[in-house]
Amino acid sequence: MTAQQPPKAGALRHAVELTKSIIPPVHPGGRPFILGAIGATLAVRRLSPRAGVGSAVFTAWLAWFFREPKRVTPRRPGIAVAPADGTVSHVIEAVPPAELGLGAEPMLRVSVFLSVFDVHVQRVPASGHVVRAVHKAGKFLSADLDEAIEVNERNSLHLRTDDGYDLAVVQIAGLVARRIICQVSDGDKVAAGSTYGLIRFGSRVDLYVPAGARVLVEPGQRTIGGETVLAELPGSAQGG
């Protein structure tokens, strides 16, 4: 027989698990900022307790900004889920970035704008592998402008799904975004809903799907990265 766990220890473990379920983990790309802010808070607090409170609030905001919440991704075949949290700003036909080599035929583009209040990690829209990952330097115009896709700094992925569909996902920097992090490279296998990148701070993510796909969202609609189904891909059972 195994000894029963003391009531206090069991309660403490339950409290820890409950806290983990409420407070999301932090993306590794944000940890240096948070650790730096913690150090600054400790130093400021010695000089001025009141200023230390303000610094602690800023540190808490950084931890919240770089959060990476767990998501439950739909597993049915033939769909593409949202690569980011945010608001759908455009649903149009557009040619994917030339650097991906996907040709000059228009695809359906769903643009999701991220404010500074949104989760800023990016997620894989469908399981498959990365054909090409390309970073391109550029300007930092407001990410909601039409020309941002052409002139702003961006990181583009050509993703081929397990069902053979070609998708493109583009991280686009914005006015205050000065850093795009992409954690995958050519040839990597990726799973739908898994985190693959991060943009600091405020930005836009575009998803390109084949022209025959059925887009399921409208401009102004909110998306949840890794969960909201943006499109049913051509020939899928759902799309007919």
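Reader: In which sense do β5 and β9 pair, and over how many bridges?

Author: The structure discussed here is a predicted model. In this model β5 is joined to β9 in the antiparallel sense, and the number of bridges is 2.

Reader: Which residue of β9 is the bridge partner of H129, and which residue of β6 is its bridge partner?

Author: H129 has a bridge partner in each of these two strands. In β9 the partner is K189. In β6 the partner of H129 is R160.

Reader: Over how many bridges do β5 and β6 pair?

Author: Strand β5 covers residues 128-136, and strand β6 covers residues 154-161. G128 of the former range has T161 in β6 as its bridge partner. The two strands run in the antiparallel sense, and their pairing extends over 8 bridges.

Reader: Which strands are the edge strands of the open sheet?

Author: The open sheet has 8 strands with antiparallel pairing, in the order β9-β5-β6-β7-β11-β3-β2-β13. An edge strand pairs on one side only. The edge strands are therefore the two that end this order, namely β9 (189-190) and β13 (222-223).

Reader: What is the volume of the largest pocket, and which residues are the closest to its centre?

Author: The volume of the largest pocket is about 220 Å³. Its lining comprises 16 residues. The closest to the centre are R76, P77, G78, A126 and S127.

Reader: How many residues in the lining of the largest pocket are charged?

Author: By class, the lining has 9 nonpolar and 3 polar residues. The number of charged residues in this lining is 4.

Note on methods: Residues numbered from 1 in each chain as written. Predicted model: local features only at pLDDT ≥ 70, side-chain atom pairs only at ≥ 80, totals over all residues. Heavy atoms only, no water. Helix = DSSP H or I, 4+ residues; strand = E, 2+ residues; numbered from the N terminus. 1 Å grid on protein atoms, 1.4 Å probe; cavity = no way out; pocket = protein on both sides within 12 Å on 5 of 7 lines; lining within 4 Å. Points joined across faces, edges and corners; volume = space filled by probe spheres on them. Nonpolar A, V, L, I, M, F, W, Y, C, P; charged D, E, K, R; others polar.
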